[in-house]
Amino acid sequence: MKNNIEIRSKHLSVIIPVYNEEESIPHLHTRIHKVLAEQPFSYEVLYIDDGSSDGTLQQLNRLVEQDPYVRVISFRRNFGQTAAMSAGVAYSRGEILVFMDGDLQNDPVDIPRLLEKLEEGYDVVSGWRKNRQDAQWSRKFPSMLANKLISQVTGVRLHDYGCTLKAYRYEVLRHVRLYGEMHRFIPAYAALAGAKVTEMVVDHHARQFGKSKYGISRVVRVILDLTTLKFLGSFGTKPLYAFGVTGLSSLSLGFGTGLYSLLRACLPGKKKGQRSALFPISLLFSSFGLLSLISGLIAEMLTRIYYEAQDKPTYVVKQVQPESSLRSPLPGERPQDPTESQHNGNREKTATR
């Protein structure tokens, strides 16, 4: 360890989630090997078999026997692309991680171009399938709407969130935890941690074998996952702000409605026995406001338990200058001050004398 950053044994890890891609794998690996064998850096190709039910795993095992640069992670069942990509990050050994699909639609020729763009000072380079070879209305049109919505909500402007072909520095992904169907939002998660994100046009080919694993039903999942991302990004460490604004607004509205109802009842000319719906409405708003505030306080306590129980920081350090030889403090231990260390050394010398 150096500066509390994990030392990686490879320069590049190419991570490929696959699910029922038996026919595509031999062609894909031939192309990947041809591109990477010409590069001067060390690399590995990591295939994540997401519980395939055809001969995909057998094809991958053959690659392991033939190519020492290949590693295979096989799931017991189909867990989804997000889980596969998360496993790829966990099992990778590269300083730079490149994700790509296993259906031959991404072109390995773009990998060196992604790395060149990364060297310009970026932490994330996202592929943009500008000339996408998919159906117009069932694939391209919904993706276009989703990309605009995601860019607007997250503030990270990308033309193609759905393109798997992306390059990351490992340091910006090491703290990212992915759940559900959140893989398409990885650039946004990285940006929340302070990563510098850009995109570049990449090639895209029509599918040669099999069929797509995605349908129009993913639109609902995208909206729900986007809601989660927005909440975690804006209020992940301060949930009371989200519930508090709603709660205080509702309480104010309830108080105002109740006061108006009371004044109306006290004014002259009010007919005896005439009832108003304003008072029950004020109670409704007030009750909702109190529940929102209580929910916010509970969420605030849970958030603090989450961070403190794991000794999880609420920040991400990019660099420490000058480099220190002091070890990282253990959980619950107060960080050591360099001047304190020097004083302790002086006291030891004095005691020896």
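Predicted model: local features only at pLDDT ≥ 70, side-chain atom pairs only at ≥ 80, totals over all residues.
User: How do I work out the span I should expect for a helix?

Analyst: The expected span of a helix is 1.5 Å times one less than its number of residues. With 28 residues (239–266), α9 should span 40 Å, and its end C-alpha atoms are 41 Å apart, which agrees.

User: Which residues of α9 are buried?

Analyst: They are P239, G244, G247, S250, G254, T257, G258 and S261.

User: Where does UniProt place the feature "transmembrane region"?

Analyst: Its unreviewed entry puts that feature at residues 240–263 and 283–302. In the model, residues 240–263 are 100% helix and 0% strand, with end C-alpha atoms 33 Å apart. Residues 283–302 are also 100% helix and 0% strand, and there the end C-alpha atoms lie 29 Å apart.

User: What should I look for in a nonpolar core?

Analyst: Look for buried nonpolar residues joined through their side chains. The largest such core here has 32 residues, and those touching the most other members are I48, L97, F99, L173, F185, Y189 and L229. Elements giving it two or more residues include β2 (43–49), β4 (94–99) and α8 (218–235). Take Y189: beyond residues up to four places away in sequence, Y189 touches V176, L178, M182, L229 and L232. Another core, of 29 residues, lies apart from the largest one and has V18, L36, L104 and Y122 among its members.

User: Why does S126 count as buried?

Analyst: Buried means under 20% relative accessible area. S126 has 0% relative accessibility, so S126 counts as buried. This serine lies in strand β5 (residues 124–128). Setting aside neighbours within four places in sequence, S126 has contacts that include L158, D160 and M200.

Notes
Residues numbered from 1 in each chain as written. Heavy atoms only, no water. UniProt positions renumbered as here; feature names shortened; annotations may be inferred. Helix = DSSP H or I, 4+ residues; strand = E, 2+ residues; numbered from the N terminus. Core = buried A, V, L, I, M, F, W, Y, C linked by side-chain atoms within 4.5 Å. Buried < 20%, exposed > 50% of the residue type's maximum accessible area, 1.4 Å probe, protein only. Contact = heavy atoms within 4.5 Å.
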